[in-house]
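Take a look at the picture first, then read on.

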Amino acid sequence: MNSLSGKNVTRVCLKLPPKVQSQGLWKRFSSFNYNWLEFSLPRFELTIALIFIMTQSLHSILKRFGFPLFTSQLLVGLLLSPAILSKQIMDKMMTEETY
């Protein structure tokens, strides 16, 4: 905070409008400088797909031992949490706005 004539001032920097939707994968093939993971919607979709694939893979292993699907979901949530993953991996998976 900065003090400006006795009042506290907080500065907030925002990128408006936020990058939500990308132009798709076809833009990537036409321009090599285009990074569609800078947008939040494709990154969110990849995160959901990763959670689904990991949950189903772990469940296919654990169901042979009699564990329910909830156990697989709980373990995948723990594996993908900031407690297990490093800061660098979490930054690649999620944007700063989701913390």
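## Starting at histidine 59

Histidine 59 sits in helix H2. This is a predicted model, where local features need pLDDT of at least 70, side-chain atom pairs count only at pLDDT 80 or more, and totals for chains, interfaces and linings use all residues. Residues are numbered from 1 along each chain as its sequence is written, and side-chain values use heavy atoms, with hydrogens and water left out.

So is histidine 59 buried or exposed? Its relative accessibility is 17%, so histidine 59 counts as buried (buried means under 20% relative accessible area, exposed over 50%, partly exposed in between, with a 1.4 Å probe and protein chains only). Leaving aside residues up to four places away in sequence, histidine 59 touches Phe67, Pro68, Leu69 and Ser72 (a contact means heavy atoms within 4.5 Å).

## The helix around it

H2 covers residues 40-62, 23 residues in total. At 1.5 Å a residue it should span 33 Å, and its end C-alpha atoms are 32 Å apart, which agrees (the expected span is 1.5 Å times one less than the number of residues).

At 34% relative accessibility, isoleucine 51 counts as partly exposed. Not counting residues up to four places away in sequence, isoleucine 51 touches Val76 and Leu80. Isoleucine 51 and valine 76 are 25 residues apart in sequence, yet their C-alpha atoms are 7.1 Å apart in space.

## Where H2 meets H3

Helix H3 takes in residues 69-79, and its axis comes within 8 Å of the axis of H2, crossing at roughly 130° (axes are lines fitted to C-alpha atoms, for helices over the stretch in contact, and angles run from 0 to 180 degrees between N-to-C directions). H2 and H3 are therefore oblique to each other (under 35 degrees is roughly parallel, over 145 roughly antiparallel, 65 to 115 roughly perpendicular, and the rest oblique).

Who does the meeting? On the H2 side, the residues include Ile51, Met54, Leu58 and His59, while the H3 side includes Leu69, Ser72, Val76 and Leu79.

## Stepping back

The protein has four helices and two strands, and from the N terminus on they run β-β-α-α-α-α (helices, H or I of at least four residues, and strands, E of at least two, are DSSP runs numbered from the N terminus). Of the 99 residues, 18% are buried.
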